[in-house]
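Please read it alongside the sequence and coordinates shown here.

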Amino acid sequence: MTHTDSAPLPPRRSYDLLLENIEAGLRNGEIKLGDQLPGERTLAETYGISRASVREGIRILDALGVLRSSSGSGPKSGAIIVSEPSAGLSSALRLHMASNRLPVADIVQTRVLLETWAAEAAANAPRTEETAAALERARGLLEAMDRPDLERDAFHTLDAQFHVELSSLAGNAVIETMMASLSGAIRGYVKEAMDNFEDWPGILAVLREQHHGIYDAVAAADGSLAARLLRGHIEWFYAQIPAHRPAQSPAAPSQP
């Protein structure tokens, strides 16, 4: 084979036509969020494919966060068009992390890149009613994480929500989606780490202090400080996990 020869295209699957037409319909406005797709039989007849192929295509779109399928009857049953991009990305990232194709260290580095940019952009964003509401939600999450009787798993859930909420302040839908996806992808990994921390009270105290410092920097519109504190926060946390701990664990970054 010469360098001008191209690799053979993968064979088309019978449900590809269904996926392509739904994509085209969303792009040109013929299909809108909240629309209900026709039933299996109608779709099979429309595209000339089997009902089994229709079901397979719908399962794929469901996994990608484009459809929500429910059984039963009524206006909310069947396949409804939705847009939940982080759901599909999170599942894909999680599976490829499990296969070791995507190293955790690379995921951490990506988090640092995305979150530090988002923190700086969020801190420097114009203050509007929407950003004020997001800051208030973030503060509410901080207060919830400060509860003394909070279980580890509940803290982790609130922690993930806090990071995504701050990222949303940057006003970039792709960054927000990627952050939600990364958060979902590493949830099991982080939960396992938290469950195995021997000095959880000590680590919890540091995490709370770091979160408050990051929030205060964003609220004070100090983007460079917010980005620096966020980088230190993420790198410090992962350094506490035995698999990523250097010979001498770094001390928690001090708050200025």
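Of the contacts in the protein (heavy atoms within 4.5 Å) with a separation of 6 or more, 68% are accounted for by residues 24 or more positions apart. The model is predicted, so local features need pLDDT of at least 70 and side-chain atom pairs count only at pLDDT 80 or more, while totals for chains, interfaces and linings use all residues. Residues are numbered from 1 along each chain as its sequence is written, and side-chain values use heavy atoms, with hydrogens and water left out.

**Overall architecture**

- The protein has 11 helices and two strands, where helices (H or I, at least four residues) and strands (E, at least two) are DSSP runs numbered from the N terminus.
- Read from the N terminus, the order of elements is α-α-α-β-β-α-α-α-α-α-α-α-α.
- Of the 256 residues, 40% count as buried; buried means under 20% relative accessible area, exposed over 50%, and partly exposed in between (1.4 Å probe, protein chains only).

**Helices α10 and α11**

- The axes of α10 (residues 200-219) and α11 (residues 223-239) come within 8 Å and cross at roughly 160°; axes are lines fitted to C-alpha atoms, for helices over the stretch in contact, and angles run from 0 to 180 degrees between N-to-C directions.
- That angle makes α10 roughly antiparallel to α11, a term for angles over 145 degrees.
- On the α10 side, residues making the contact include Ile 203, Leu 207, Ile 214 and Val 218; on the α11 side they include Leu 225, Leu 229, Trp 236 and Phe 237.
- The residues of this contact comprise 12 nonpolar, four polar and no charged; Ala, Val, Leu, Ile, Met, Phe, Trp, Tyr, Cys and Pro count as nonpolar, Asp, Glu, Lys and Arg as charged, and the others, Gly among them, as polar.

**Helix α5**

- The 21 residues of α5 (residues 104-124) should span 30 Å at 1.5 Å a residue, which agrees with the 30 Å between its end C-alpha atoms; the expected span is 1.5 Å times one less than the number of residues.
- Among the buried residues of α5 are Val 104, Arg 111, Glu 115 and Ala 118.
- The buried residues of α5 pack against α4 (85-98), α7 (152-168), α8 (173-185), α9 (187-196), α10 and α11.

**Individual residues**

- Ser 167 lies in α7 and is buried, with a relative accessible area of 3%.
- Neighbours within four places in sequence aside, Ser 167 is in contact with Glu 115, Ala 118 and Met 179.
- Ala 132, in helix α6 (residues 129-145), is partly exposed at a relative accessible area of 43%.
- The C-alpha atoms of Ala 132 and Ala 219 are separated by 9.2 Å, although these residues are 87 apart along the chain.

Terms used: Angles under 35 degrees count as roughly parallel, over 145 as roughly antiparallel, 65 to 115 as roughly perpendicular and the rest as oblique.
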